[in-house]
Amino acid sequence: MTRSGALYQVGKGASPARRWALDADLAAAFDRIGHCFLLSQLGTFPARGLIAGWLKAGVVEDGLFTPTGEGTPQGGVISPCLLNVALHGMEAAAGVRYQHRGTDAAAAAAGSPVLVRYADDLVACCHSRQQAEQVKARLAAWLAPRGLAFNEDKTHIVTLDEGFDFLGVTVRRYHGKLLIKPAKAAVRRIRERLRTEMRSLRGANARAVIARLNPIVRGWAAYYRTVVSSETFTALDHYLWKLTYKWAKHSHPNKPTRWIIRRYFGTFNKSRQDQWVFGDRDSGAYLHRFAWTKIVRHQMVRGTSSPDDPALAEYWAARRHRGIPRPIDAATLRLLQSQHGRCPWCGLLLLDADRPPQTPHEWEQWLAATRKAITHNAIAAQAGSAPDEGRLRLLHAHCTRRSAGNAKPGNFCPPPIPRGLPEPRRGETRMSGS
């Protein structure tokens, strides 16, 4: 969660310089982006005409056509990108200044505010209330030509001691220490989601309950594992246990408590000494706990490094390799790491994408897709003889079918050679791993 990590860097310490925050929200940002200004920002971009057609195409919902004279369709794939184009330059408009240190490193200049933005939500950390009001006035004037304005009901100027909510987390200083925790509203939403799902699963078996809830639990925990979430995870585990016990009692109203506990609870996860794990004794599947997700802090990006800079391709590849591990089982994760996340037959990525999921819903979708891919052999393990001989590989399903019967282990494509290595001298040969 890169945005909360940036806020922590600004507000950490016993006496941070920027104690005031402009917590702002744009009113109907996606619906009010000015088309003329947006197209002027694109300049001579080759697809400018295509984007102009998208903007004027209109929306069909429930069989009714609505013309789009302004804005972009909220939920459309291109809409966040277009919003970023429209809001490019917001830092400079807010008065943010940087001091460059070396080639790639940079830090906010003394006396300058710091702006953190994601889509239409933004926070400006300032030295005083007066500076926060000045930033708000400058940004309001800067947003007007773009057809945008602040949502005054959701825009506030507060101190870090008062705290504020931003992208599902609460940023606040407690007794002189800045802590970033899951927001109460986000916790209420996940509790309501779990309660609704359990009610809809009445009459289903334990395996269906586990299949439905595991992506939700692991996705929510994966999103919040970079902030102070341990207590929240424990409280949610207790709440989820009560929901599963209530579901079991509803499924077997005439059975005693001891029978229900023996049937649905036990030490299903052998790596955990916990006898109260909800599981299915027929399949061995069990419900993941929030608290099993390890808290891992986000590592800040170096200076002004951009993933679109081709000169920094090695930096971003190394960052992804050393970054926060994906919340999947250890065996699959080890195989992915040993193969650099690529299929040894075609050399393309197996599961990992260049950009990790950014919301709990995206994490839930990623985990569900990963589970489905492995379950339905979209990603399959192929073994030559024994795993300790290094022949166990993860392949795409179509690569597995292509390689079956006419390929040997030696025919697999070698892993890609890391870029940036010196070229071999004349007369030398480079070993490309096997």
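Colleague: Where does A119 lie?

Modeller: A119 lies in the loop between β6 and β7. Keep in mind that this is a predicted model.

Colleague: What makes A119 partly exposed?

Modeller: Its relative accessibility is 25%. Buried means under 20% and exposed means over 50%. The value for A119 falls in between, so A119 counts as partly exposed.

Colleague: What is the strand order of the open sheet?

Modeller: The order is β6-β7-β1-β8. The sheet has 4 strands, and the pairing is antiparallel.

Colleague: Why are β6 and β8 called edge strands?

Modeller: β6 (114-118) and β8 (156-159) each have a single partner strand, so one side of each is left without a neighbour in the sheet. On average, neighbouring strands of this sheet are turned by 20° against each other, direction ignored.

Colleague: How do you know that β1 and β7 pair?

Modeller: Two strands pair if there are at least two bridges between them. β1 (residues 20-25) and β7 (residues 121-126) have 6 bridges, in the antiparallel sense. So they pass the cut-off. A21 stands opposite C125 in β7.

Colleague: What lies across these strands?

Modeller: Helix α7 (residues 129-143) lies across β1, β7 and β8. It runs at about 140° to β7.

Colleague: Why is A21 called buried?

Modeller: A21 is in strand β1. Its relative accessible area is 0%. The cut-off for buried is under 20%, so A21 is buried.

Colleague: Which residues is A21 in contact with, leaving aside its neighbours within four places in sequence?

Modeller: A21 is in contact with V123, A124, C125, H156, I157, V158 and F164. A21 and L160 are 139 residues apart in sequence, yet their C-alpha atoms are 6.9 Å apart in space.

Colleague: How do you know that the span of α10 agrees with that of a helix?

Modeller: α10 (residues 230-251) has 22 residues. At 1.5 Å a residue, it should span 32 Å. Its end C-alpha atoms are 31 Å apart, which agrees.

Colleague: Which residues of α10 are buried, and what covers them?

Modeller: The buried residues include T232, F233, L236, Y239, L240 and W247. Their cover includes β11 (177-182), α8 (184-200), α9 (206-224), α11 (257-264), β12 (265-266) and β13 (277-278).

Colleague: Why are α8 and α10 called roughly parallel?

Modeller: Their axes cross at roughly 20°. Angles under 35 degrees count as roughly parallel. Therefore α8 and α10 are roughly parallel to each other. The axes come within 10 Å, and the crossing is right-handed.

Colleague: Which residues of α8 and α10 meet?

Modeller: On the α8 side, V187, I190, R191, L194, R195 and M198 take part. They meet T232, L236, Y239, L240, L243, T244 and W247 in α10.

Colleague: What makes N214 buried?

Modeller: N214 is in helix α9. Its relative accessibility is 15%. That is under the 20% cut-off, so N214 counts as buried. Not counting residues up to four places away in sequence, N214 touches Y286, L287 and H288.

Technical notes:
Residues are numbered from 1 along each chain as its sequence is written. This is a predicted model: local features need pLDDT of at least 70, side-chain atom pairs count only at pLDDT 80 or more; totals for chains, interfaces and linings use all residues. Side-chain values use heavy atoms; hydrogens and water are left out. Helices (H or I, at least four residues) and strands (E, at least two) are DSSP runs, numbered from the N terminus. The expected span of a helix is 1.5 Å times one less than its number of residues. Buried means under 20% relative accessible area, exposed over 50%, partly exposed in between (1.4 Å probe, protein chains only). Contact means heavy atoms within 4.5 Å. Axes are lines fitted to C-alpha atoms, for helices over the stretch in contact, and angles run from 0 to 180 degrees between N-to-C directions. Angles under 35 degrees count as roughly parallel, over 145 as roughly antiparallel, 65 to 115 as roughly perpendicular and the rest as oblique. A crossing is left-handed if the near helix is turned anticlockwise from the far one by less than a right angle, and right-handed if clockwise.
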